[in-house]
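Here is my note on the model you sent. Please read it with the structure open.

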Amino acid sequence: MKIQGRMFFWLSIFILAMAIVYGVWSKEPAGTTALFLAFGLSIMIGFYLGFTAKRVDAGAQDNKEADVADDAGEVGFFSPHSWQPLALGFGGALAFLSVAIGWWLLYFSLPVILVGLYGWVFEYYRGENRTQ
């Protein structure tokens, strides 16, 4: 994570320099503001990665003598049979469709989103998946 943190710090310095050059040269406020906001976002990500790298063990990407196989292994737990993302996707599609059709459709999409979100959060607290 140290390498990624440094990369984002260098990227933020580059974006800051480009924001200053662009702001002085073009005198256009929207693009200059966007570049300064991109600088802020990249510095936050770099700070987070650098701060987290101090608290976790060094990964294989931080070791110059590491092989590709050193970073192999389980990445995380992903639910293979969950229907909740389908409900959230359907509710989100209805919510975005309400912008085009009418805001009244949002009243129908909100319960679908809430049911999908509730089911996804508490999926492993009840039923046959409780012990996983």
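The points below go from basis to detail.

1. Basis. This is a predicted model, where local features need pLDDT of at least 70, side-chain atom pairs count only at pLDDT 80 or more, and totals for chains, interfaces and linings use all residues. Residues are numbered from 1 along each chain as its sequence is written, and side-chain values use heavy atoms, with hydrogens and water left out.

2. Annotated segments. The unreviewed UniProt entry annotates residues 7–25 and 31–51 as "transmembrane region". Such annotations may be inferred rather than shown by experiment. Residues 7–25 are 100% helix and 0% strand, with end C-alpha atoms 27 Å apart. Residues 31–51 are also 100% helix and 0% strand. Their end C-alpha atoms lie 30 Å apart. Helices here are DSSP runs (H or I, at least four residues), and strands are runs of E (at least two).

3. Domains. The assignment, automatic or from a database, gives domain 1 (1–55) and domain 2 (82–120). Their centres, taken over C-alpha atoms, are 35 Å apart.

4. A34. This residue belongs to helix α2 (residues 29–55). A34 counts as partly exposed because its relative accessibility is 44% (buried is under 20%, exposed over 50%, partly exposed in between; 1.4 Å probe, protein chains only). A19 is 15 residues away from A34 in sequence, and 8.4 Å away in space, C-alpha to C-alpha.

5. W25. Helix α1 (residues 2–26) contains W25. W25 is exposed, at 74% relative accessible area.
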